[in-house]
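Me: Hi! Could you walk me through this one?
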2 protein chains.
Amino acid sequence: MAGYRHILAAVDLAPGEEDPVLGRAAALARQYGARLSLLHVVEYVPPLDLAYDPVVPVGVDIENQLMDRARAELDRRLGWLGVEGAQAFVEAGSPKRETVRFAQENGVDLIVVGTRGRHGLSLLLGSTANGVLHHAPCDVLAVRIHDEAADSAPGD
Amino acid sequence: MAGYRHILAAVDLAPGEEDPVLGRAAALARQYGARLSLLHVVEYVPPLDLAYDPVVPVGVDIENQLMDRARAELDRRLGWLGVEGAQAFVEAGSPKRETVRFAQENGVDLIVVGTRGRHGLSLLLGSTANGVLHHAPCDVLAVRIHDEAADSAPGD
């Protein structure tokens with residue numbers, strides 16, 4: 001069976017989140033000699049006041065600031081990953097939709113995404129891993145992120 | 001990052017279903033020098049007549065027949081996979097639950113499962129890949145099975 005040629009790591013940038021996902025994606029890219037892309041999607045919904053007017057003054061572009069910060073974070077990670085030719089991308093919008101769109105448009109054959117596992121209501125509401133799983137045009141590797149608080153929650 | 005040590009292929013045995021899942025699981029097991037287990041779960045609900053009595057005569061054990069047939073099918077696949085030390089297992093019950101249970105009890109660190117992608121109602125109703133993703137104690141690789149009928153369905 002042919003190996004993977006283009007691996008996409010969907011990077012959340014939440015504390016403790018990126019290491020297992022990036023580490024696994026980088027290891028597989030090295031194993032298969034595959035191209036590696038890192039993607040972070042900034043999901044920013046501007047806060048509104050009770051009259052549905054924006055709270056943030058006009059002219060302050062928070063989304064662009066978040067995207068700049070994400071770019072810097074991804075570049076730092078590219079540095080320590082040390083996978084030759086790896087590239088980082090930042091998009092704005094729905095993480096699920098942008099990840100799937102990126103995969104479709106760039107011939108990705110494996111998406112690596114983090115999952116904490118979901119139960120009860122949060123399972124019905126869905127997660128990025130879930131949305132990507134159902135809409136991806138390719139294979140999806142869900143890397144389990146061990147979240148001590150969630151892992152020990154009742155009903156887990 | 002450490003490689004995978006015990007890979008579980010959740011085998012559906014539906015026509016055309018097993019090849020990509022098994023092929024990918026075997027390739028990864030070879031790459032990582034990991035132990036490979038094949039698991040098929042027989043999900044048999046006895047048909048009942050309108051009075052909720054079983055249709056099948058007492059003494060005909062269809063579940064055991066299905067399990068025997070599954071064992072033979074898995075053994076055939078073990079033959080053509082040619083992965084040293086690979087083992088096949090057959091369980092009865094809910095594919096999602098039995099797959100997760102097997103993974104927990106046998107120190108599996110990667111489950112490979114097939115997915116056709118789900119949309120609309122079938123997404124809410126869930127699938128084996130979905131259930132395994134949310135309850136597995138380890139990483140899950142969902143291998144996309146290209147189903148021509150489903151891939152060309154409206155809204156896909």
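Reply: Happy to! Copies are superposed by least squares on the C-alpha atoms of residues with pLDDT of at least 70 in both. This is a predicted model, where local features need pLDDT of at least 70, side-chain atom pairs count only at pLDDT 80 or more, and totals for chains, interfaces and linings use all residues. Residues are numbered from 1 along each chain as its sequence is written, chains are lettered from A and ligands numbered from 1 in the order in which they are written, and side-chain values use heavy atoms, leaving out hydrogens and water.

Me: Which rotation superposes chain B on chain A?
Reply: One of 180 degrees, with 0.0 Å of shift along its axis and an RMSD of 0.0 Å. The two copies are thus related as by a two-fold rotation axis.

Me: And which residue of chain B comes closest to the rotation axis?
Reply: That's L141(B), with its C-alpha at 2.1 Å. Both copies use the same surface, as 100% of the contact residues of chain B recur in chain A (contact means heavy atoms within 4.5 Å).

Me: New topic: how many disulfides are there over all chains?
Reply: The count is 0, taking a disulfide as a pair of cysteine sulfur atoms within 2.5 Å. For C138(A), the closest cysteine sulfur is in C138(B), 20 Å away, so too far for a bond.

Me: Is C138(A) buried or exposed?
Reply: C138(A) is buried, at 7% relative accessibility; buried means under 20% relative accessible area, exposed over 50%, and partly exposed in between (1.4 Å probe, protein chains only). C138(B) is also buried, at 7%.
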